[in-house]
Amino acid sequence: YVEHDWSAEKYTHGCFSSHFSTNGWYGYGKHLNTPVNTINWTGTEFASKWNGYADGAVDDGIKTAKKVFSQLKDTLGDK
């Protein structure tokens, strides 16, 4: 048995996963899935389902990988 005081955590402020402040999604949401050069963002924080859980991270990773493979296919063709 392990007991933990989540409210004492510096970065989570009482939650087991991160969250935006009020209106955070509206201010930053459009930038979250926008690739930067060749970097595509993914992870539990980006999941539309099961946000904050490993299931969300896996689901979003699969979604992003499919998007990247599709982009590579379009760019490289049948090489």
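This note goes through a few local features of a predicted model.

1. Ground rules. Local features need pLDDT of at least 70 and side-chain atom pairs count only at pLDDT 80 or more, while totals for chains, interfaces and linings use all residues. Residues are numbered from 1 along each chain as its sequence is written, and side-chain values use heavy atoms, with hydrogens and water left out.

2. Helix H2. Helices here are DSSP runs of H or I with at least four residues, numbered from the N terminus. H2 has 23 residues. From first C-alpha to last, H2 reaches 32 Å, close to the expected 33 Å. That expected span is 1.5 Å times one less than the number of residues. Just after H2, Gly77 takes a positive phi of about 70 degrees.

3. Buried positions in H2. Gly56, Asp60 and Thr64 are buried in this helix. Buried means under 20% relative accessible area, exposed means over 50%, and partly exposed lies in between (1.4 Å probe, protein chains only).

4. The salt bridge. The count comes to one, taking a side-chain nitrogen of Lys or Arg within 4 Å of a carboxyl oxygen of Asp or Glu. Lys63 pairs with Asp60, the closest N and O atoms being 3.0 Å apart. Both lie in H2, three residues apart, about one turn of the helix. Asp60 counts as buried because its relative accessible area is 3%. Lys63 is partly exposed, at 44%.

5. The aromatic pair. Rings of Phe, Tyr and Trp (its six-membered ring) pair if their centres lie within 6.5 Å; planes under 30 degrees apart are stacked, over 60 edge-to-face, and the rest tilted. By this rule there is one aromatic pair. Trp50 and Tyr53 form it, edge-to-face, at 5.7 Å centre to centre and 90 degrees between the planes. Trp50 is partly exposed at 47% relative accessible area. Tyr53 is partly exposed too, at 42%.

6. Thr44. This residue sits in the loop between H1 and H2. Thr44 is buried, since its relative accessible area is 15%. A polar atom of the Thr44 side chain lies 2.9 Å from the backbone oxygen of Tyr53.

7. The nonpolar patch. Val36, Ile39 and Trp41 form a nonpolar patch on the surface, with about 260 Å² of accessible area together. Patch residues have over 30% relative accessible area and no salt bridge; like charges are joined within 9 Å, nonpolar side chains (Val, Leu, Ile, Met, Phe, Trp, Tyr) within 5 Å. Areas come from the Shrake-Rupley method with a 1.4 Å probe, and for residues only the protein chains shown count as cover. Ile39 lies in the loop between helix H1 (24-32) and helix H2 (54-76). At 42% relative accessibility, Ile39 is partly exposed.

Terms used
Helices (H or I, at least four residues) and strands (E, at least two) are DSSP runs, numbered from the N terminus. A polar contact is a pair of N or O atoms within 3.5 Å; within protein, one must be able to donate a hydrogen and the other to accept it, and residues adjacent in sequence count only if both atoms are side-chain atoms.
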